[in-house]
Amino acid sequence: MVELPDQWEVAPEPGWVEPSLAEEFPGLSIVSTVLETTPGRSPEALRERLRTLSDRIGGAQAIQLRQQPIPWAYRVFFRHIGLDPDTTRTPIEELIFERIHDGRFKSRGRVDDALTIGMVEVGVALRAFDADQVQGRVGLRLSAPGEGFEGRVSPLPDGTIVVADEERPLGILFDRTAEGRGVRRGTKRVLVVAIGVRGVPDIALEEALWVAGSALRA
Amino acid sequence: MPELLERHDIDEIELVPEESLVPPAPPEGLDTALYEHDERAARADLRRQIAAMELALARLFGSAFPRQGIEFGVAGLGGPRLLSVDELEQVRDALAARVHDVSRRLHDATYVEEKNRELIEEMAADPAAYKWVRVNNADIGEPGCKHWHSTPRWGPFGMLLGWWRVKISSGCPLAKGPRPPNP
């Protein structure tokens, strides 16, 4: 067995899920890890990896995608929370759609490219936040009545499912990121978050984080 | 008896309507224990049904390719949020209707395609009986640009002599236009 250097270790930290949500959606989970990296243009090695990935994905995979266990689990969860996965696409389907539409996975920068690789390889939904703008552990909860959301004038609709730290919402689940909480120029530490739903094994979440983490260090 | 009715030392008893004997709400704690539990079980059951229908729709989606014009969409209800039993029922019913609709359309399409396959066989067996008939890959539910065309051999001369044959096209035209930009 090959021993990896310490810096390759991605230590996933389980997040919290509000009890009412956990009771309604058994299997809903969130796992995160902090990686020290800087955003910016992807290095050639990462772009090459993206090109190789583009060559592996074609129309046949896109057609069969929704029958595969993990993408199907996300589609089902979208239905359960009131989203239409054909309008608001699941993260993996959005990427595959763009691949078919554009002819390749476009490079959008180091962090986004790493997340793309992690999501396409494993199928798990990943998001990134600026780790220095996050207070405490991240989790999933329902928004409180009248709760505000940075970057949005009106308050969140009551009961919206959000990704939150211990103080405020960081983003709407499978939707917008709160202003100032996402990865931007000057970010030094990236918090990569994997969101699991029923039907997605825990090991897939860890694998997705590991793949994204290794891509970030390419 | 009249003397009993005329007694003033007995307090008058106020009669209450029968329905008010039913308490307006269950005792504290009991309502959530019973009511909420049942709703949660109903929601969980509806979610299982939605999952099964989503899988059925996904399989139909895979089977339908490359046929065009089949609608697979089922409108969302605005989220992400917890849906009530009524809303989950709406999603379940919409999915069920869509699965039924797509199944019926696919059934109709496969019937027509089967007839077109038979037509190709008949054309190949007797091209002169199917003059100028053309069947495309799309007509038999296959991807690609191939087509079967009953045409006369040697043009007008073959047409006069009744030398008909089924010509199979060589596929899609080659891609044209500018090269894609370098990544």
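Let's start where the two chains meet: 27 residues of chain B are in contact with 26 residues of chain A, where contact means that the C-beta atoms of two residues, placed from the backbone, lie within 7 Å. On the chain B side, the elements giving two or more residues are α2 (30-64) and α3 (85-125) of chain B. The largest share, ten residues, comes from α2(B). Sorted by class, this side of chain B has 16 nonpolar, five polar and six charged residues. Here Ala, Val, Leu, Ile, Met, Phe, Trp, Tyr, Cys and Pro count as nonpolar, Asp, Glu, Lys and Arg as charged, and the others, Gly among them, as polar.

A word on what you're looking at: this is a predicted model, in which local features need pLDDT of at least 70, side-chain atom pairs count only at pLDDT 80 or more, and totals for chains, interfaces and linings use all residues. Residues are numbered from 1 along each chain as its sequence is written, while chains are lettered from A and ligands numbered from 1 in the order in which they are written.

How far can you trust chain A? Its pLDDT (the predictor's confidence in each residue, from 0 to 100) averages 91, and 95% of the residues score at least 70. Over residues 1-5 of chain A, though, the pLDDT is below 50. Where pLDDT is low, the predicted coordinates should not be read in detail.

Now for the fold of chain A, with its seven helices and eight strands. These are DSSP runs numbered from the N terminus, with at least four residues of H or I for a helix and at least two of E for a strand. Strands of a sheet pair through backbone hydrogen bonds, either parallel or antiparallel; two strands count as paired if DSSP finds at least two bridges between them.

One open sheet of chain A has four strands in the order β2-β5-β6-β7, with mixed pairing. β2 (16-17) and β7 (169-172) of chain A stand at the edges with a single partner strand each, so one side of each is left without a neighbour in the sheet. Within chain A, β5 (residues 139-142) and β6 (residues 161-164) pair in the antiparallel sense over four bridges, and A:Gly139 has A:Ala164 in β6(A) as its bridge partner.

Elsewhere, β3 (residues 29-36) of chain A runs antiparallel to β1 (residues 13-14) of chain A, joined by two bridges. β3(A) also pairs in the antiparallel sense with β8 (residues 189-196) of chain A, over eight bridges. There, A:Leu35 stands opposite A:Val190 in β8(A).
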